[in-house]
Amino acid sequence: MKNLFYISSSGSMATAWISKLLSSSPRIKCFHGSVGLTPTYDSSLALEPALELMAEYAKRERIDYAGCVHLSAQHGISGLDACRKKDATFCAFVRNPVLAVDSQFQERSRSFQLTSTREQVYSSMLTSVPDLDKIVDPADKSSLIFLWCAGSAIGHYLQIEATRYKYFKFEDYTADYQEVSRILQFITKGELSDDHNINAAYYSHSKTNTHRKSNIGVEETWEKQWSQTQKAIFREVWRHVLGSFDRPQKIYPELDSLLAS
């Protein structure tokens, strides 16, 4: 099936909302991660088997376009090869990494459990990023959560920024229906540029903030909400992930001044 699509995201980008929005069209089914694809939620589901499940669903339900947004195991461009193999359309959602990290951190802090698997992952992160072990206390649960969120959001963002693949900004598609129309046009390879059902759903089911306690801006989050430890973690993870990446485009150029502060 050629009418498959995948929208990469690191989370905290209104992905549950937009999957419902796109699925309001009788011609489209957009899954939110593995929800509805597998009998129970599977955070480790890879994109290639997910695309196969989507194709089966589309054939069974006679849906013209099937895809998903935000598979937990496929951030950044990690799902690109699977999209090429299945002739699926690939694009990404991005959000200012400071706000993405903050949103993920607030959400994860509510229900975080330090399992043995996570402990191994965190230990690996602490040793792989230079000087991070001098900043993060392994016994500090809050710093470990923040570190995980920073690694996820920054890694996704810098891969998309560096590779020039098609992206859509959270700040645009949550505020302007025309940007949703552009997403629709892209994932359907130009076949659809609007849909009455999606339009109606957009204006009747507004996005609500379910992760952050308050909707404040980037600078206020950085200066007033984050501790010095959190800022240091963000900087070190940014430098480590950036590595030798060229930055021919800067999606959020305002980050430079914050990182230098």
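**Close-up views of a predicted model**

View 1. F234 counts as buried, because its relative accessibility is 0%, under the 20% cut-off. The model shown here is predicted. F234 belongs to helix α11, which spans residues 228-242. Its neighbours within four places in sequence are set aside here. The contacts of F234 are then P97, V98, V101, F146, I154, W222, W226 and L259. F234 and A175 are 59 residues apart along the chain. Their C-alpha atoms are separated by 27 Å.

**View 2. Helix α1 against helix α9.** Two packed helices are described by the angle between their axes and the distance between the axes. Helix α1 covers residues 15-23, and helix α9 covers residues 196-204. The two axes come within 8 Å. They cross at roughly 145°. On the α1 side, W17, L21 and L22 make the contact. On the α9 side, I198, A201 and Y202 make the contact. By class, the contact residues are 6 nonpolar, no polar and no charged.

**View 3. The second largest pocket.** This pocket has a volume of about 270 Å³. Its lining consists of H75, G76, V121, M125, W148, G151, S152, G155, H156, Q159 and V241. Two elements each give two or more residues to this lining: α5 (116-128) and α6 (141-163). Helix α6 provides the largest share, 6 residues. The lining has 4 nonpolar and 7 polar residues. No charged residues take part in the lining.

**View 4. The whole chain, for orientation.** The protein has 12 helices and 5 strands. Its radius of gyration is 19 Å, close to the 18 Å that the globule rule gives for 261 residues, so the protein is as compact as a globular protein of that length. Along the principal axes, the C-alpha atoms fill a box of roughly 55 × 35 × 35 Å. Of the 261 residues, 48% count as buried. F234 of View 1 is one of the residues that count as buried. Sequence separation is the last item in this view. Among contacts with a separation of 6 or more, 78% link residues 24 or more positions apart.

Key: Residues numbered from 1 in each chain as written. Predicted model: local features only at pLDDT ≥ 70, side-chain atom pairs only at ≥ 80, totals over all residues. Heavy atoms only, no water. 1 Å grid on protein atoms, 1.4 Å probe; cavity = no way out; pocket = protein on both sides within 12 Å on 5 of 7 lines; lining within 4 Å. Points joined across faces, edges and corners; volume = space filled by probe spheres on them. Helix = DSSP H or I, 4+ residues; strand = E, 2+ residues; numbered from the N terminus. Nonpolar A, V, L, I, M, F, W, Y, C, P; charged D, E, K, R; others polar. Axes fitted to C-alpha atoms, helices over the stretch in contact; angles between N-to-C directions. Contact = heavy atoms within 4.5 Å. Rg over C-alpha atoms; globule rule 2.2 N^0.38 Å. Buried < 20%, exposed > 50% of the residue type's maximum accessible area, 1.4 Å probe, protein only.
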